[in-house]
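Thank you all for making the time this morning.

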Amino acid sequence: MSAQRPSGPFREGDRVQLTGPKGRMHTVTLREDGELHTHHGVLRHRDLIGLPDGSVVANSSGNEYLALRPLLRDFVMSMPRGAAIVYPKDAAQILTQADIFPGATVVEAGVGSGALSLSLLRAIGPAGRLVSFERRDDFAEVASANVETFLGELPETWKIVVGDLQEQLSTEFAAGAVDRVVLDMLAPWECIDAVAEALAPGGVVLCYIATATQLSRVAEYLRATGLFTEPEASETMVRGWHVEGLAVRPDHRMVAHTGFLVTARRLAPGAIPPDVKRRAAKKPSYGDEDVELWTPGAVGDREITDKNLRKRVREAQRAAGGARLAAAGDADEDGARTADPSA
């Protein structure tokens with residue numbers, strides 16, 4: 001796997017985050033003839049090429065912009081999206097709660113726009129393996145382009161499988177060959193049986209879900225299988241603080257609920273855990289009729305139009321083309337140094 005954050009002077013093809021007047025941010029892919037047009041003026045890309053990370057440049061109107069290569073969290077929040085992303089605060093918790101470690105064999109479904117895939121690839125390192133299942137070709141295209149844009153290449157440790165996890169997981173992995181499974185989908189309980197077969201004893205399954213009704217059903221399904229430890233559920237809220245001299249107070253806005261995380265561990269074959277005492281429910285938590293209500297629209301997921309999605313695919317592919325251009329420039333420089341050791 002290549003270096004996950006390029007360093008050195010800005011090059012053509014690099015993604016650069018520009019912070020201008022009033023903190024307004026713009027993310028651009030550097031081109032020799034490229035320009036950033038705003039109502040504050042025009043900033044030419046070539047004025048940035050060759051400058052070090054963290055430089056300040058002025059546009060045609062004299063307005064200054066701070067130029068930095070995006071961190072992973074910055075890139076995720078600004079990259080083209082085919083589907084809703086896993087927010088950085090949740091990605092951090094997923095890596096910890098699912099215990100994603102270097103060299104792990106990890107399964108992910110669905111891939112969405114590739115936000116979580118990037119975090120998982122970093123965590124497993126060059127010795128790990130990530131297989132991402134995605135039902136939609138167009139989402140897989142966006143995710144693939146976003147990963148290539150940020151990493152500069154498509155890593156050999158990653159594979160996208162277009163199709164249903166419950167149908168194809170057994171063709172990708174032998175029973176007990178997977179260390180960790182992360183499910184980011186509308187109905188993760190549909191995949192639990194296949195996941196139980198693929199997970200090694202002690203392996204972790206983590207479900208990222210949006211609503212309380214989904215939370216209830218996936219937890220009850222995990223319990224009903226008798227193959228997992230007692231599921232644990234949580235959510236993460238992040239509140240920033242304003243700190244300026246003695247003016248120290250919480251921000252007026254915060255990133256509150258984005259999703260629930262449900263985790264459980266695979267039991268050894270035939271193992272029966274100590275009984276977990278729970279208050280008996282007066283009636284079932286859900287019925288078959290509830291399933292019809294758990295559509296993307298009903299649970300708050302906005303459906304992206306085909307026209308808008310095609311636009312996102314083109315944006316992601318253009319950014320990936322820029323990353324390939326930057327990588328080719330690095331290869332040319334390395335070749336020149338090899339040919340002339342004094343360079």
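Before I describe the sheet, let me say what I count as pairing: two strands pair if DSSP finds at least two bridges between them. Please also keep in mind that what you see here is a predicted model.

With that in hand, seven strands form an open sheet, which reads in the order E9-E8-E7-E10-E11-E15-E12 and has mixed pairing. At its edges are strand E9, residues 158-162, and strand E12, residues 232-235, each of which pairs on one side only. Neighbouring strands in this sheet are turned against each other by 15 degrees on average, if direction is ignored.

Helix H4, residues 137-151, lies across E8 and E9 and runs at about 165 degrees to E9. Helix H5, residues 165-172, also packs on the sheet, where it touches strand E7 (105-109), E8, E9 and strand E10 (178-183), and its direction makes about 150 degrees with that of E8.

Leu 66 belongs to strand E6, residues 64-68. Is Leu 66 buried or exposed, or in between? Its relative accessible area is 32%, so Leu 66 counts as partly exposed, and patches are made of residues with over 30%.

How values were computed:
Residues are numbered from 1 along each chain as its sequence is written. This is a predicted model: local features need pLDDT of at least 70, side-chain atom pairs count only at pLDDT 80 or more; totals for chains, interfaces and linings use all residues. Side-chain values use heavy atoms; hydrogens and water are left out. Helices (H or I, at least four residues) and strands (E, at least two) are DSSP runs, numbered from the N terminus. Axes are lines fitted to C-alpha atoms, for helices over the stretch in contact, and angles run from 0 to 180 degrees between N-to-C directions. Contact means heavy atoms within 4.5 Å. Buried means under 20% relative accessible area, exposed over 50%, partly exposed in between (1.4 Å probe, protein chains only).
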